[in-house]
Amino acid sequence: MTVAITRFEEKIAGYGGDGPKLENCPVRTVIDHIGGKWSTLLLLALSEKPYRFGELRRLVPDISQRMLTQTLRDLERDGYVLRTVFPTKPPSVEYRLTDLGHSLFKALCVLLEWAEANFLAVKDARRSFDERNA
């Protein structure tokens, strides 16, 4: 008896030797850092213009300094953000989107627009679910 392979199984079959290894999955690898709640907000801010660290901290007041630093490092490591240090006293640091970051943001805009348009529907669905399962 043969078992039909789903599209998902077919896609991930090539990511590892003996079987699926999701850490080798291109989608999972790319989405991992941009799926966080801070990454999207920082990409949105940096899509408008370059910002210094302190400016970003003020734009997103509920993010901790440690989380801001880590998120910016992750975005820089993935090639979405460029960090430039200026030789001033004290040194100032500016963050801007790279070409790859701009292309990511262009794709992300569709999701952001959808989220804004459907926020109330999602909120209502959650409320209904919670009421049914209380």
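The structure is a predicted model, in which local features need pLDDT of at least 70, side-chain atom pairs count only at pLDDT 80 or more, and totals for chains, interfaces and linings use all residues. Residues are numbered from 1 along each chain as its sequence is written, and side-chain values use heavy atoms, with hydrogens and water left out.

Two packed helices are described by the angle between their axes and the distance between the axes. Axes are lines fitted to C-alpha atoms, for helices over the stretch in contact, and angles run from 0 to 180 degrees between N-to-C directions. Helices (H or I, at least four residues) and strands (E, at least two) are DSSP runs, numbered from the N terminus.

| Helix pair | Angle | Axis distance |
|---|---|---|
| Helix 3 (residues 37–48) and helix 6 (residues 99–132) | about 115° | 10 Å |
| Helix 3 and helix 5 (residues 65–77) | roughly 70° | within 10 Å |

Helix 3 is therefore roughly perpendicular to helix 6. Thr40, Leu43, Leu44 and Ser47 of helix 3 meet His102, Leu104, Phe105, Leu108 and Leu112 of helix 6 in this contact (heavy atoms within 4.5 Å). The contact comprises 6 nonpolar, 3 polar and no charged residues. Here Ala, Val, Leu, Ile, Met, Phe, Trp, Tyr, Cys and Pro count as nonpolar, Asp, Glu, Lys and Arg as charged, and the others, Gly among them, as polar.

The axes of helix 3 and helix 5 cross at roughly 70°, which makes helix 3 roughly perpendicular to helix 5. Helix 3 contributes Trp38, Ser39, Leu42, Leu43 and Leu46 to this contact, and helix 5 contributes Met67, Leu68, Thr71, Leu72 and Leu75. These residues divide into 8 nonpolar, 2 polar and no charged.

**Histidine 33**

Histidine 33 lies in helix 2 (residues 26–34). Its C-alpha atom is separated by 9.9 Å from that of arginine 77, 44 residues apart along the chain. Neighbours within four places in sequence aside, histidine 33 is in contact with Ser39, Asp74, Arg77 and Asp78.

**A cis peptide bond**

The peptide bond from lysine 89 to proline 90 is cis, with omega near -10°. Proline 90 belongs to the loop between strand 2 (81–86) and strand 3 (92–97).

Conventions:
Parallel < 35°, antiparallel > 145°, perpendicular 65-115°, else oblique.
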